[in-house]
Amino acid sequence: MPLYVLNKDGKPGMTRRQCTGEYKIKPIKKKVRELLGYPYPARIPRGVFVEQWVGISTDEFHRAKDADVKYMRNRHPLITDMGWSRSDCIRYLTSLGLADTPKSSCLGCPFHGNAQWRNIRDNSPQEWEDVVEFDAAIRKGNARANATGNPLLGEAFLHRSRVPLSEAPIDHVTAAEWAAMQQELTDSGPDLQELEQGVVDSCSPWACRGDVAPVQDDFGLAT
Ligand code: SF4
């Protein structure tokens, strides 16, 4: 995951984003191979493939991509067959009593803005507990990396402030943060709304929200 890191010398950094590839695309490919009857490393004959329907709407057509292997073919029925925009999808979900369907993303995605963190805390106490616990568990980095002698040389956090999520300033902007933010708010800098919202796009295996560059903020790099 793209975690915010505080290095030993106090400098901020981020870990490399490989979550979508590792946690979504790899397991999907593994399952598809199994379904086709050619588990890795068997060679899949030419012309054998699955068709995978991906729910990207017309207003997000730029996120519709082909799969990177021949045994999977992505199809985007909302775009090619139905011409449905996001509003059409919401209208349909509303007719089924599912009007509050949120955009998909991992619960603990570091690209959440304060508004998204508050929403979890205030509306899903159990999920908040889970994510706070997860944040504490990643402080020293990845267990496997630590076990194989590649420990994180610093501390990792889910919130861009690089403090434990349970203490992160998701409710208010302190005077010091305001001052730093004012300095950052140049023509090319982020506005407060961007910092609040984080990356609002959803995240799916074939359209990762991490492809939308997070804003630079007053707490350090968020690239
Ligand atoms: S929502 Fe996407 S970018 Fe964020 S942690 Fe999950 S897979 Fe990674």
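**Helices that cross**

Tutor: The axes of H4 and helix H5 (residues 125-137) come within 5 Å, and they cross at roughly 120 degrees. An axis is a line fitted to C-alpha atoms, for helices over the stretch in contact, and angles run from 0 to 180 degrees between N-to-C directions. This is a predicted model: local features need pLDDT of at least 70, side-chain atom pairs count only at pLDDT 80 or more, and totals for chains, interfaces and linings use all residues. Residues are numbered from 1 along each chain as its sequence is written, and side-chain values use heavy atoms, with hydrogens and water left out.

Student: Why is H4 called oblique to H5?

Tutor: Set the angle against the classes. Under 35 degrees is roughly parallel, over 145 roughly antiparallel, 65 to 115 roughly perpendicular, and the rest oblique. The crossing is at roughly 120 degrees, so H4 is oblique to H5.

Student: Which residues make the contact of H4 with H5?

Tutor: Contact means heavy atoms within 4.5 Å. H4 brings Trp117, Ile120, Arg121 and Asn123, and H5 brings Pro125, Glu127, Trp128 and Val131. They divide into five nonpolar, one polar and two charged residues. Nonpolar covers Ala, Val, Leu, Ile, Met, Phe, Trp, Tyr, Cys and Pro; charged covers Asp, Glu, Lys and Arg; the others, Gly among them, are polar.

**Buried residues**

Student: What makes Trp117 count as buried?

Tutor: Buried means under 20% relative accessible area, exposed over 50%, partly exposed in between (1.4 Å probe, protein chains only). Trp117 has 0% relative accessibility, so it counts as buried. Trp117 is in helix H4 (residues 114-123). Beyond its neighbours within four places in sequence, Trp117 is in contact with residues including Leu107, Trp128, Leu158 and Ile170. The C-alpha atoms of Trp117 and Ala168 are separated by 9.8 Å, although the two are 51 residues apart along the chain.

Student: How do you know whether Ser57 is buried or exposed?

Tutor: Ser57 has 5% relative accessibility, so it is buried. Ser57 lies in the loop between E3 and E4. Leaving aside neighbours within four places, its contacts include Leu78, Trp84 and Cys89.

Student: What stands out about phi of Arg162?

Tutor: Phi of Arg162 is near 60 degrees, a positive value in a residue other than glycine. Arg162 sits in the loop between E5 and helix H7 (175-184). Its relative accessibility is 4%, so Arg162 is buried too. Of the 223 residues of the protein, 35% count as buried.

**Strands and their partners**

Student: How many helices and strands does the protein have?

Tutor: Eight helices and five strands. Both are DSSP runs, numbered from the N terminus: helices are H or I with at least four residues, strands are E with at least two.

Student: How do you know that E1 and E2 pair?

Tutor: Two strands pair if DSSP finds at least two bridges between them. Strand E1 (residues 4-7) and E2 have three bridges, in the antiparallel sense. In E2, Gly13 is the bridge partner of Val5, and Pro12 stands opposite Leu6. The hairpin of E1 and E2 has four residues between the strands, and Gly10 takes a positive phi near 90 degrees there. On to E5: four bridges join E1 to E5, also antiparallel, and Asn7 stands opposite Gly154.

Student: What is the order of the strands in the open sheet?

Tutor: Three strands form it in the order E2-E1-E5, with antiparallel pairing. Strand E2 (12-14) and strand E5 (154-157) each have a single partner strand, so one side of each is left without a neighbour in the sheet. The twist averages 30 degrees from one strand to the next.

Student: In which sense do E3 and E4 run?

Tutor: Strand E3 (residues 50-53) and E4 run parallel, joined by four bridges. Val50 has Met72 in E4 as its bridge partner. Strand E4 (residues 72-75) has a covered face, Met72 and Asn74, and an uncovered one, Arg73 and Arg75.

**Around the ligand**

Student: Which residues surround the ligand?

Tutor: A residue counts as near a molecule if one of its heavy atoms lies within 4 Å of it. Cys19, Thr20, Lys24, Ser105, Cys106, Cys109, Phe111, Cys203, Cys208 and Arg209 surround the ligand. By class, this shell has six nonpolar, two polar and two charged residues.
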